[in-house]
Amino acid sequence: MPKWLSLEQPFEGAPSTGKSITDLSSVTTIGLDLAKHVFQVHGVDASGRVVVAKAVRRNKLLEFLASLPRCLVGLEACGSAHHWARELIKLGHDVRIMPPAYVKPYIRRQKNDAADAAAICEAVTRPSMRFVGVRSLENQAALMRHKAREMLVSQRTQLLNGLRGHLTEVGVIAAQGPRHARELAELIEACDETIPFEVCEALAPLVVQLRTLDEAIARLDRAITKLAQRDETARRLMSIPGFGPITASAMAATIQDTSSFAGPREFAAFLGLTPKQNSSGGKQKLGRISKMGNRNLRKLLVVGAHAVLFHRKPHTDPLRMWAKKLIEKKPFKLVAVALANKMARIAFAIMRGETVYREISGVRSAD
């Protein structure tokens, strides 16, 4: 490596205080760029002078950070961020996790590991920066159940679509919906004169895999339902129309601190259920929903909103009556997204106020 790129030298333009760059006792803020094997560390003192800028191997990282005084450590949110945050908190550091999109504006010129670490170090000190709460191991395990279920459901949908497509080639079709697709699987298992024997033999492995996925998803559903019944927040959320154990458990596990949001409107925007803006010069230009934030939560809310709209007639609570009036003049799917937005706001109010939704006509949604 050329001398002018040496990590042991201070950055050009760094203010000089007469201290050696190897004097780590003055470090107050650390920007840590996470990686698989080689981590980039960027540390500054109270005046903003660069004190350390070096690459550290994975097996030496905790040892190096343990040798530093108590620091403010900034991390970008990624797959291993919560693990390293927990380890650094054990060492006594004040750890802050930030969304990568909020760190990107602080990168100077070209992107590399050293520039990323410097940008993280700069961004973590900004008073307007928003941070991600550090998750416990138990909370991550609860979220992993939901992610595993989502993956298995996606694989099951692929298998059902595969069965439909292959059987269409031999003239066997079925109506829309997973129930009718499973009827095709039953035909393959029966292997009567409807489907040629060679086709049944070829598609039998797909049917076996489909049954295995059904059993695995059912086991996860039972585990998630038990978690939702034991969790007080999830039980309160299940009082909202359209919130079942899956949605309530996912919401309670994902949103642990409502104080990071200014209110229900900001929470709905965080989930991507508000229109994307392209406004300028005092003119409001609103488009489709932004689809930012947690994709799984947004999907569950929209699916729950569909269920509310399909079963709205026997009920007279304020939420369904509002949806009933709106659907008279707006398309069904547009109303479903608007209803998901309102459900998200009600969920936020319930989590913040530790209350329940009461289906009483003429009474506010969260009481």
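**Close-up views of a predicted model**

The structure holds 13 salt bridges. It is a predicted model, and the legends below take up some of these pairs together with other local features.

**Figure 1. Overall view of the protein.** The protein is built with 13 helices and seven strands. Its C-alpha atoms fill a box of roughly 85 × 60 × 45 Å along the principal axes. The radius of gyration is 27 Å, whereas a compact globule of 367 residues would have a value near 21 Å. Of the 367 residues, 38% count as buried. Among contacts with a separation of 6 or more, 54% are made by residues 24 or more positions apart.

**Figure 2. Salt bridges around Asp214.** Arg156, Arg182 and Asp214 are linked in a network of salt bridges. The side chains of Asp214 and Arg156 meet at 3.1 Å, N to O. Asp214 belongs to helix α7 (residues 197-230) and Arg156 to helix α5 (residues 137-168), so this pair ties together parts that are 58 residues apart in sequence. In the salt bridge between Arg182 and Asp214, the closest N and O atoms are 2.9 Å apart. Arg182 lies in helix α6 (residues 178-190) and Asp214 in helix α7, so here the parts tied together are 32 residues apart in sequence. Both Asp214 and Arg156 are buried; for Asp214 the relative accessible area is 18%. Arg182 is partly exposed, with a relative accessible area of 22%.

**Figure 3. The salt bridge between Arg96 and Asp94.** The side chains of Arg96 and Asp94 meet in a salt bridge with an N to O distance of 3.1 Å. Arg96 is partly exposed, its relative accessible area being 29%. Asp94 is likewise partly exposed, with a relative accessible area of 25%.

**Figure 4. Arg86, a buried residue without a salt bridge.** Arg86 is found in helix α2, which spans residues 81-90. Although buried, Arg86 has no salt bridge. The side chain of Arg86 is instead joined to that of Gln140 by a polar contact of 2.8 Å. Leaving aside neighbours within four places in sequence, Arg86 is in contact with Val134, Arg135, Ser136, Leu137 and Gln140.

**Figure 5. Cysteines without a disulfide.** A disulfide is a covalent bond between the sulfur atoms of two cysteines. In this model the count comes to zero disulfides. The cysteine sulfur closest to that of Cys78 is in Cys121, and because the two are 17 Å apart, they are too far for a bond. Cys78 is partly exposed, with a relative accessible area of 36%. Cys200, in turn, counts as buried at 4% relative accessibility.

**Figure 6. Gly282 in the loop between β6 and β7.** Gly282 lies in the loop that runs between strands β6 (275-277) and β7 (286-289). At 75% relative accessibility, Gly282 counts as exposed. Val302 is 20 residues from Gly282 in sequence, and the C-alpha atoms of the two are 31 Å apart in space.

Definitions and conventions. Residues numbered from 1 in each chain as written. Predicted model: local features only at pLDDT ≥ 70, side-chain atom pairs only at ≥ 80, totals over all residues. Heavy atoms only, no water. Helix = DSSP H or I, 4+ residues; strand = E, 2+ residues; numbered from the N terminus. Buried < 20%, exposed > 50% of the residue type's maximum accessible area, 1.4 Å probe, protein only. Lys, Arg positive; Asp, Glu negative; His and termini not counted. Salt bridge = Lys/Arg side-chain N within 4 Å of Asp/Glu carboxyl O. Polar contact = N/O pair within 3.5 Å; in protein donor to acceptor, adjacent residues only side chain to side chain. Contact = heavy atoms within 4.5 Å. Disulfide = S-S within 2.5 Å. Rg over C-alpha atoms; globule rule 2.2 N^0.38 Å.
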